[in-house]
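Please open the structure in the viewer and follow the stops below in order. Each stop names a selection and then describes what is found there.

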Amino acid sequence: MIGRAGGRADVQWRDTAERYGAVSRFLHWTMATLFAWQFAGMAIKEIVGRTPLTRFWVGSHASVGIVLLALVVVRLGWALAQRRRRPPYRAGAAGLAARGGHFALYALMLAVPLLALMRAIGQARPIAVFGITLRGPREGEIGWLTAPADWLHGNLAWLLLALVAGHASMVLVHRRRGYDIAARMIGRKAPPGIRRQARRVAPPST
Ligand code: HEM
Ligand code: HEM
């Protein structure tokens, strides 16, 4: 991701056919960390019940979820802008499955927080993000805004977790078969273009 040309660090911001660039990687790993926070908080609350720790953890759930919603919108825009540059899918069934899996991840990353936000808007209680009140309490509930999340938010969220587990396992399966796709998202080596350029402009070694 980072190459050196004449002593200057060249960050590969955009994607290439060999690997994802810094922007895609930042979005992927920041969001993966925040998703882990969301799922761990809810899972621990289920297991140990309400304690001061889970109250804090679950207390941050809506705020972190809204940050994730904003990030997924940015990520979708970036993915569309980079679609011709990023590592291509393989031909055949494996490529189709990977494409379908990524599409489903995007659909759920968008639907899960969006449904919850609709519910928050429809509910009577105030809406606050990281302690900042965006809207005070309102009179009554708007049923069509709250009902979809009551049915689907939790179920779709656990489905997303199952898909993420499948997604991460596929990375390991590919690695075992000698096809290292992890290097596209975590590899440190500069892409061939940057390495060639670095060799051309680097001062002769002493
Ligand atoms: C993408 C981000 C999000 C993820 C991964 C996520 C995940 C989850 C999970 C796993 C549960 C537990 C469901 C259960 O008890 O079976 C849950 C519940 C809940 N979430 Fe989220 N959530 C996200 C965003 C949000 C947002 C943005 C809000 C509010 C604006 C929110 C509000 C709630 C509430 C109130 C509950 C408890 C009621 C329920 O189960 O529906 N979540 N969430
Ligand atoms: C341990 C966790 C994870 C690992 C090891 C991992 C690994 C990877 C790797 C290696 C790629 C590149 C695959 C390729 O080009 O074929 C990738 C892409 C992708 N990952 Fe993950 N990932 C993880 C977690 C997540 C999570 C939590 C999400 C979303 C909820 C996610 C969504 C995606 C998506 C949508 C792509 C396609 C590229 C993009 O649009 O950003 N991943 N992941």
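Two strands are taken to pair if DSSP finds at least two bridges between them. The model shown is a predicted one.

**First stop: a strand hairpin**

Select residues 127-129, strand S3, together with residues 132-135, strand S4. The two strands run antiparallel, and three bridges join them. Within this pairing, isoleucine 127 stands opposite arginine 135 of S4. S3 and S4 form a hairpin, with two residues between the strands. Now select phenylalanine 130: this residue lies in the turn and has a positive phi of about 45 degrees.

**Second stop: two helices in contact**

Two packed helices are described by the angle between their axes and the distance between the axes. How do their axes cross, and within what distance do they come? The axes of H3 and H4 cross at roughly 135 degrees and come within 9 Å. Angles over 145 degrees would count as roughly antiparallel and those of 65 to 115 as roughly perpendicular, so H3 is oblique to H4. The crossing of H3 past H4 is left-handed.

To view the contact itself, display on H3 the residues Ala62, Gly65, Ile66, Leu68, Leu69, Val72 and Leu76. On H4, display their counterparts Tyr106, Met109, Leu110, Pro113, Leu114, Ala116, Leu117 and Ala120. Colouring the contact of H3 with H4 by class gives 14 nonpolar residues, one polar and no charged.

Move to ligand 2, which has 19 residues around it. Which of them come nearest? They are Ala32, Leu105, Val164, Ala168 and Met185. The largest share, five residues, comes from H4. Colour the shell around ligand 2 by class to find 14 nonpolar residues, four polar and one charged.

Key: Residues are numbered from 1 along each chain as its sequence is written. Chains are lettered from A and ligands numbered from 1 in the order in which they are written. This is a predicted model: local features need pLDDT of at least 70, side-chain atom pairs count only at pLDDT 80 or more; totals for chains, interfaces and linings use all residues. A residue is near a molecule or strand if its C-beta atom, placed from the backbone, lies within 6 Å of it. Helices (H or I, at least four residues) and strands (E, at least two) are DSSP runs, numbered from the N terminus. Ala, Val, Leu, Ile, Met, Phe, Trp, Tyr, Cys and Pro count as nonpolar, Asp, Glu, Lys and Arg as charged, and the others, Gly among them, as polar. Axes are lines fitted to C-alpha atoms, for helices over the stretch in contact, and angles run from 0 to 180 degrees between N-to-C directions. Angles under 35 degrees count as roughly parallel, over 145 as roughly antiparallel, 65 to 115 as roughly perpendicular and the rest as oblique. A crossing is left-handed if the near helix is turned anticlockwise from the far one by less than a right angle, and right-handed if clockwise. Two residues are in contact if their C-beta atoms, placed from the backbone, lie within 7 Å.
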